[in-house]
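Have a look at the model before reading on.

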Amino acid sequence: FPGKMCRLCSVVEKDGVSDNESKVDSGVPEVPVPPDDTPEVLNKALSGLSSRWKNWWVRGILTLAMISFFFFIIYLGPMVLMMIVLCVQIKCFHEIITIGYSVYHSYHLPWFRTLSWYFLLCVNYFFYGETVTDYFFTLVQREEPLRILSKYHRFISFALYLTGFCMFVLSLVKKHYRLQFYMFGWTHVTLLIVVTQSHLIIHNLFEGMIWFIVPISCVICNDIMAYMFGFFFGRTPLIKLSPKKTWEGFIGGFFSTIVFGIMLSYVMAGYRCFVCPVEFNNDSNSFQVDCEPSDLFQLQDYALPSVLESVTGWTTVRLYPFQIHSIALSTFASIVGPFGGFFASGFKRAFKIKDFANTIPGHGGIMDRFDCQYLMATFVNVYIASFIRGPNPSKVIQQLLALRADQQLHIFNSLKAHLIEKGLLPALEEAAA
């Protein structure tokens, strides 16, 4: 009996998961481990290397390939980027839902596979409809079918969701009640994490491509540099959820990302195609990215603190104001962003899987690459709304033009009275004279 108690009390670490943890999670089935799909060419070329260095080369080569593809889609413009974001969102949704199916053996539940994708369609219809109405109001008002869809958009969205909800209730089977509600909750949490946050990426993109490219690039830079510093200098474990993460990689990634963010912002802030919001041009009947850059993207002189002045010998430095904001973006990407990855690691360990999928050799699934990006997108959207975005005159005018003539006249008289009261209208009249 004492021997049995000793064996029960002993904790044996295996792949970072204790026996105690395994017993607690024993009710959770394991998801089948996908086979290694590293290209045969790379397997042959790297056959003489240890597994550690082989993984390093595979990750490095495919990272360069993904960065090259990222540059290519940026070159294709914002509309293509929006489509790519939608494709990535669908793939991430598929990977997470597939894990749910595998864990709970829910392939044979009535209608559920269909309902999961139906809810994805409903949520995307709602979010993309809201985006089109908000950012392309002129286009929507000009086309009669779009105007009708815009007017009743939220009612249509609710009706679509309600249809799916009723279908779910009708599909309930007595012996599968609990399992069906598990998967219903699983689907909705996945929609919240993936679809809602990918919608915010689209919003950031329409504010200007710089708000899309810089945050994503900062997360990529932090991921790469943290891996490099951890690979060569890592000694001190950072967090139990990710045993391979080290303090050396975390700190090295932080400082590298700050410098990278400032430099990339300086380069991009000088180009209108990156800093101007995406707008619909009625004259050319097309989407355009052209404007007079705001003060955020105009070089300004900043006085250096006395400490830096004594070191550099400079009294002032010329920077784009956006570079100051890039420090906040880089800091979040380096310090808080990795917690998206830690969250994903905890999720994978809970279901005893290494990766969400094996789409990208050496990297896992698409969700493995975007676990930090979604958290970053939410921060950027909140940051823009809190510190950057102000009243948009063009949107106000678009909404005014959509009003009835008597409503427009009422607003005109109210605005005129307000300007006269402020003493601005006489000055404007004299200047016109």
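## What counts as buried

A residue is called buried when its relative accessible area is under 20%. Take Ser-157: its relative accessible area comes out at 6%, so Ser-157 is buried. Keep in mind that this is a predicted model.

## The chain as a whole

How much of the contact set links residues 24 or more positions apart? Counting contacts in the chain with a separation of 6 or more, 70% are of that kind.

## Annotated transmembrane spans

The UniProt record, an unreviewed entry, puts "transmembrane region" at residues 56-75, 81-104, 111-128, 155-173, 180-202, 208-234, 246-269 and 322-344. Here are two of those spans in the model. Residues 56-75 are 100% helix and 0% strand, and 29 Å separates the end C-alpha atoms. For residues 322-344 the figures are 91% helix and 0% strand, with the end C-alpha atoms 31 Å apart.

## H11 against H17

Now for a helix pair. Helix H11 (residues 209-233) packs on helix H17 (residues 366-388) at an angle of about 140°, and the axes are 10 Å apart. Angles over 145 degrees would count as roughly antiparallel, but H11 and H17 are therefore oblique to each other. Their crossing is right-handed.

Who makes the contact? On the H11 side it's Trp-211, Pro-215, Ile-216, Val-219, Ile-220 and Asp-223, while H17 brings Arg-369, Cys-372, Gln-373, Met-376, Val-380, Tyr-383, Ile-384 and Ile-388. Sorted by class, that gives eleven nonpolar residues, one polar and two charged.

Ser-326 belongs to helix H15 (residues 321-335). Is Ser-326 buried or exposed? Its relative accessible area is 0%, so Ser-326 is buried. Setting aside neighbours within four places in sequence, Ser-326 contacts Gly-261, Ile-262 and Ser-265.

Key: Residues are numbered from 1 along each chain as its sequence is written. This is a predicted model: local features need pLDDT of at least 70, side-chain atom pairs count only at pLDDT 80 or more; totals for chains, interfaces and linings use all residues. Side-chain values use heavy atoms; hydrogens and water are left out. UniProt positions are given in the numbering used here, feature names are shortened, and annotations may be inferred rather than shown by experiment. Helices (H or I, at least four residues) and strands (E, at least two) are DSSP runs, numbered from the N terminus. Axes are lines fitted to C-alpha atoms, for helices over the stretch in contact, and angles run from 0 to 180 degrees between N-to-C directions. Angles under 35 degrees count as roughly parallel, over 145 as roughly antiparallel, 65 to 115 as roughly perpendicular and the rest as oblique. A crossing is left-handed if the near helix is turned anticlockwise from the far one by less than a right angle, and right-handed if clockwise. Contact means heavy atoms within 4.5 Å. Ala, Val, Leu, Ile, Met, Phe, Trp, Tyr, Cys and Pro count as nonpolar, Asp, Glu, Lys and Arg as charged, and the others, Gly among them, as polar. Buried means under 20% relative accessible area, exposed over 50%, partly exposed in between (1.4 Å probe, protein chains only).
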